[in-house]
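Please take me through this structure stop by stop. I have it open in a viewer and want to know what to select and what is there.

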Amino acid sequence: MFSLKIDKIIKHSETISTLFFNSRLKSYPGQFIMLNLPEYEEIPLSLSSPYSVTVKAVGETTEALIKIKAGERVGIRGPFGRPFSFTDKKALLVAGGIGAAPLYYLHDYLSARGADVTVLFGARTSDELVWKDKFLNAEFSTDDGSEGFKGNVVELMKEKDLTNYDRIYVCGPEAMIKGAFYHLKEENLLDITEFSLERYMRCGIGLCGSCVLEDGSRVCADGPVFSGEDLDGWI
Amino acid sequence: MLEVELCKMKLKNPLILASGILGSYASSLNTIAENAGAVVTKSVGLEEKEGYRNPVVINLAHGILNAVGLASPGVEKFSEELKRFSKASKLIVSLFASSPKEFSKLVGYFELADAFELNLSCPHVKDVGLTIGNDAELVKEIVKAVKRETSKPVFPKLSAVSDYIEVAKAAEEGGADGIVAINTLKGMAIDIATKKPILSNISGGLSGEAIKPVAMKVVWDLYEELKIPIIASGGVTTWKDVIEFILGGARAVQIGSAIFYSYRIFYSLKESLIAYLRKEKTSIEDLVGLAHEK
């Protein structure tokens, strides 16, 4: 474990902040770190860029984390996990809520390397569509219709022609992952799709077994990014 | 060539998954079982146990430091979970408890187990593990109590930080079928930036390459003193480590922390052992304890 200082914080909303570290983490989009907030807990967080995490307050530790002050230190293990695969052609990013976090990183990474990136970003309300200016070519959906398409992001995706993409990347809550999976399976696109999954983790390095899936693979070490074909049969 | 007989259990190879590693769900046990001779489950007790708060595991240069705290869903839920075990290898259920009575109660839940491991050596949880594993008389009583409940092999897992020869002999007298040596060694780490211990429990157990010579010495000593077989555990990372432990007296070898390097390590070790045994024109069974010959 090593520690990094928090340099800067962007407060996107009441419950979501991006914390920037004082140093760049050698990493790839889709990877995560185990972040230890002293006096609280160590939690897994997807990188939202090589030098940041974007956090939503959902529990005791994340609530304390979004209130952290610049200059404070956090413990880091990682980056860990299998990242998203690369394309420099047409890419579709499908984000649900805070699931956008690793896709901010992927968006910038692919765009900088010549890919043509389209984003579908859904949340419950417009307040939760945080940091949406970061996405250059994006469409939005909200459950309450307060911005963009009224409905969830899977419904928005169903309205789109998905045939011309080289890669599709999906990250969001479990129900959204499942919805997207079944649609993409129907469209015969699982072989070009990658899903980033989330599970309760302890060690982050493939040993403790807290995050194993139905097929025996470990979200922390064999994932968190899985190809659609990996998930077929048990999801 | 790779087959070994361990207390009348026929193992397809001498490689066993160590307790506490990927042992909480049938799905991961099934993945390992494909290439292992046996798998040991995560230790289970009578009641559900949450374990310690994260951070509970740290990877160091030569090993792993952990204080998971025997997190477990409790015996009823866990015995249900194990019903999905594939039986691709032998299944050894690891038990933790604080008294002979509790240990023998646990045994009844696991009809499907091929053998039992008794956790008498976890170094970071109060009232169980090492707390009772240091007491030779108590260990003997525990083994006796468990043996009254089952005819299956029973393997107490001991610590190197006890009078292990005395404890192992007591276990043997109590009817133990074999001894697993060793568990993790007490250890800790401090973060110099925050100036605080890293593990939430402060103290933990060290496993992995760093503890291999310690385990080797214990295996060596026990082979000299005991009649029952020894299962080595501690730092096995390469096929050479497997051979070393077998030569030192182990009949089978447990692998845990090395999964940090690869989920496929059981397959790799197995293939490497086959190559070695072919070259040497020998078998695992013929190598057990060979280094003790004068």
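The tour below goes through a predicted model, starting with a sheet and ending with backbone details.

**Stop 1: the sheet of chain A**

Select strands E7 to E13 of chain A. They form an open sheet of 7 strands in the order E10-E9-E8-E7-E11-E12-E13, and the pairing is mixed. Now go to the edges. These are E10 and E13 (225-227), each of which pairs on one side only.

Strands of a sheet pair through backbone hydrogen bonds, either parallel or antiparallel. Zoom in on E8 (residues 116-123) and E9 (residues 138-142) of chain A. The two run parallel and are joined by 5 bridges. Pick A:Ala123; its bridge partner in E9(A) is A:Thr142. Step across to E10 (residues 149-150) of chain A. E9(A) and E10(A) also run parallel, with 2 bridges between them. Here A:Ser141 stands opposite A:Phe149.

**Stop 2: a helix across the sheet**

**Stop 3: a helix pair in chain B**

Two packed helices are described by the angle between their axes and the distance between the axes. Select H8 (residues 239-248) and H9 (residues 265-280) of chain B. They pack at an angle of about 65 degrees, with axes 9 Å apart. The crossing of H8(B) past H9(B) is right-handed. Which residues make the contact? From H8(B), show B:Trp239, B:Val242 and B:Ile243; from H9(B), show B:Leu269, B:Ser272, B:Leu273 and B:Tyr276. By class, the residues of this contact are 6 nonpolar, 1 polar and no charged.

**Stop 4: backbone details**

Most residues other than glycine have a negative phi, and most peptide bonds are trans.

- A:Gly223 and A:Pro224 are joined by a cis peptide bond, with omega about 5 degrees. A:Pro224 is in the loop between E12 and E13 of chain A.
- B:Asn54 and B:Pro55 are joined by a cis peptide bond, with omega about 0 degrees. B:Pro55 sits in the loop between E4 (38-40) and E5 (57-60) of chain B.
- B:Lys195 is not a glycine, yet its phi is positive, near 60 degrees. Find it in the loop between E12 (190-191) and E13 (196-197) of chain B. B:Lys195 counts as exposed because 8 other C-beta atoms lie within 10 Å.
- B:Ile202 has a positive phi of about 65 degrees and is not a glycine either. Its loop runs between E13 and E14 (204-207) of chain B. B:Ile202 is partly exposed because it has 14 C-beta neighbours inside 10 Å.

Key: Residues numbered from 1 in each chain as written. Chains lettered and ligands numbered in written order. Predicted model: local features only at pLDDT ≥ 70, side-chain atom pairs only at ≥ 80, totals over all residues. Axes fitted to C-alpha atoms, helices over the stretch in contact; angles between N-to-C directions. Helix = DSSP H or I, 4+ residues; strand = E, 2+ residues; numbered from the N terminus. Left-handed = near helix turned anticlockwise from the far one by under 90°. Contact = placed C-beta atoms within 7 Å. Nonpolar A, V, L, I, M, F, W, Y, C, P; charged D, E, K, R; others polar. Pairing = 2+ DSSP bridges. Buried ≥ 20, exposed ≤ 12 C-beta atoms within 10 Å, placed from the backbone.
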